[in-house]
Amino acid sequence: MRAIVVSATGGPEVLTYTDHPDPEVNPGEVLVDVAAAGVNFIDVYHRMGRYPLSLPFVPGEEGAGTVAAVGEDVQDVAVGDTVAWAQVPGGYAERAVVPASRLLRVPEGVAPETAAAVTLQGLTAHYLTHSTYEIKPGDDVLVHAAAGGMGLLLTQIAKLRGARVIGTVSTDEKETLARQAGADEVLRYRGFADAVRDLTGSGVHVVYDGVGAATFDGSLASLRPRGMMALYGQASGPVPPLDPQVLAQRGSLFLTRPSLGAYIATRDELAWRASDIFGWVASGRLKVHISHRYPLAEAARAHEDLEARRTTGKVLLIP
Ligand SMILES: NC(=O)c1ccc[n+]([C@@H]2O[C@H](COP(=O)([O-])OP(=O)(O)OC[C@H]3O[C@@H](n4cnc5c(N)ncnc54)[C@H](OP(=O)(O)O)[C@@H]3O)[C@@H](O)[C@H]2O)c1
């Protein structure tokens, strides 16, 4: 098969489109013909070596496609089923092997490309809004990079839960998208903490911050006493070490650095979140905005565009 292989970490140019052996299907695993692979910021960290993986590797943590073969002991899916997955390596390829325990059946009415676009970020937006901080009606919520893949989903799901959403974005085009997703207020990054205080009085109940270094201090300054800082990513770079006393000075704040694995650790939890997400997509309550589709061979260009902030919503690779 053809796949993207990383043999040395570095810039987008290390994403090499090449022949690669078909993956082997072991008991409990499923072979999938990949219809679309999701591009996520974590793929950039893996490629750069910021989150090290052993080399060489096929990047990609998410995809959807059609079951081509099932290993021994697999009962829940059959050849021909449409399935999706997240947090399983090796998605940037024509074929991927996925443990059956991680596979999600895609309901009718949800296209494979849509499933590939919403699985990892949808599960993440679900746990952030339902578990890390359980949004209640009337809560004030700050979502950074509100027109990004995560941002558009967080904004819509926070609105489904009855929040007032304040988003940050870098451009007018992104502001329009964030408003279409339901954001009540949309700010630029410069001086956003003061603007949030003007809008809310005492600050927001929760900040969803996937931008990291550039926004972290302002995010803490945007919170009301006992507010929750959910630092779930670092698109602008890692946040430097922090003196916990800062949390006391700012009003007994909570700080968490969550990651998806801990929130889909059991099959029941994975199934609950996936059923909500796919259900909302099938019923039209959650819109999936796919801004860029690239041929698999052009994975490097996809990474360049994501890192340069040229994308909105979801980025897909099509084998
Ligand atoms: N913890 C978890 O479980 C989890 C799961 C999924 C994703 N994440 C994290 O969520 C974040 C968003 O991921 P995504 O895939 O949805 O990406 P994305 O938001 O579509 O793209 C990143 C966006 O961040 C903003 N940004 C601000 N400063 C930036 C900078 N210096 N360089 C690049 N982008 C910058 C840009 O929007 P503006 O131009 O509007 O600023 C950019 O479009 C990432 O940090 C990712 O690691 C975490």
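**Exercise 1. Ala96: buried or exposed, and what surrounds this residue?**

Solution. Start with accessibility: Ala96 has a relative accessible area of 3% and is therefore buried, since buried means under 20%. Keep in mind throughout that this is a predicted model. Next, find the residue in the fold: Ala96 sits in strand 6, which covers residues 95-99. Now look for its partners. Setting aside neighbours within four places in sequence, Ala96 is in contact with Pro23, Val30, Leu31, Val32, Val34, Trp85 and Gly90. Take Pro23 as one of these partners: it is 73 residues from Ala96 along the chain, yet their C-alpha atoms are separated by 6.5 Å.

**Exercise 2. Describe the protein chain as a whole: how many helices and strands does it have?**

Solution. Count the elements to begin: the chain has 9 helices and 15 strands. Then check the overall form. The radius of gyration is 19 Å, close to the 20 Å that the globule rule gives for 319 residues, so the chain is as compact as a globular protein of that length. Along the principal axes, its C-alpha atoms fill a box of roughly 55 × 40 × 35 Å.

Now turn to the inside and the surface. Of the 319 residues, 52% count as buried. Finally, consider the contacts between residues at least 6 apart in sequence: 68% of them join residues at least 24 apart.

**Exercise 3. Which residues are closest to the ligand, and which elements build the shell around it?**

Solution. First, survey the surroundings. The ligand is surrounded by 31 residues, and Tyr127, Ser170, Lys174, Tyr189 and Arg309 are the closest. Sort the shell by residue type and you get 14 nonpolar, 13 polar and 4 charged residues.

Second, look at individual atom pairs. Tyr189 places a polar side-chain atom 2.6 Å from an oxygen atom of the ligand. For Gly149, a backbone N or O atom lies 2.8 Å from a ligand oxygen atom. A polar backbone atom of Gln234 is 3.1 Å from an oxygen atom of the ligand.

On its own the ligand has 910 Å² of accessible area, and the protein covers 91% of it. The elements that give two or more residues to the shell are helix 1 (41-48), helix 2 (112-132), helix 3 (149-160) and helix 9 (299-307). Helix 2 gives the most, with 4 residues.

**Exercise 4. Where does Gly122 lie, and which residues is it in contact with?**

Solution. Gly122 belongs to helix 2. At 0% relative accessibility, this glycine counts as buried. Leaving out neighbours within four places in sequence, Gly122 is in contact with Leu153 and Ile277.

**Exercise 5. Which residues of helix 9 are buried, and what do they pack against?**

Solution. Begin with the list: Ala299, Ala300, Ala302, His303, Asp305 and Leu306 are the buried residues of helix 9. Then follow them to their partners: they pack against strand 1 (2-5), strand 3 (29-39), helix 1, strand 14 (290-295) and strand 15 (314-318). Last, step past the end of the helix.

**Exercise 6. Which residue's side chain makes a polar contact with the side chain of His205?**

Solution. Locate His205 in strand 11, residues 204-209. Its relative accessible area is 18%, so His205 is buried, given the cut-off of under 20%. The polar contact is with the side chain of Arg224, at 3.4 Å. Not counting residues up to four places away in sequence, His205 touches Tyr133, Asp139, Asp140, Leu223, Arg224, Gly227 and Met228.

Technical notes: Residues are numbered from 1 along each chain as its sequence is written. This is a predicted model: local features need pLDDT of at least 70, side-chain atom pairs count only at pLDDT 80 or more; totals for chains, interfaces and linings use all residues. Side-chain values use heavy atoms; hydrogens and water are left out. A residue is near a molecule or strand if one of its heavy atoms lies within 4 Å of it. A polar contact is a pair of N or O atoms within 3.5 Å; within protein, one must be able to donate a hydrogen and the other to accept it, and residues adjacent in sequence count only if both atoms are side-chain atoms. Accessible areas come from the Shrake-Rupley method with a 1.4 Å probe; for residues, only the protein chains shown count as cover. Ala, Val, Leu, Ile, Met, Phe, Trp, Tyr, Cys and Pro count as nonpolar, Asp, Glu, Lys and Arg as charged, and the others, Gly among them, as polar. The radius of gyration is taken over C-alpha atoms; the globule rule is 2.2 Å times the number of residues to the power 0.38. Buried means under 20% relative accessible area, exposed over 50%, partly exposed in between (1.4 Å probe, protein chains only). Contact means heavy atoms within 4.5 Å.
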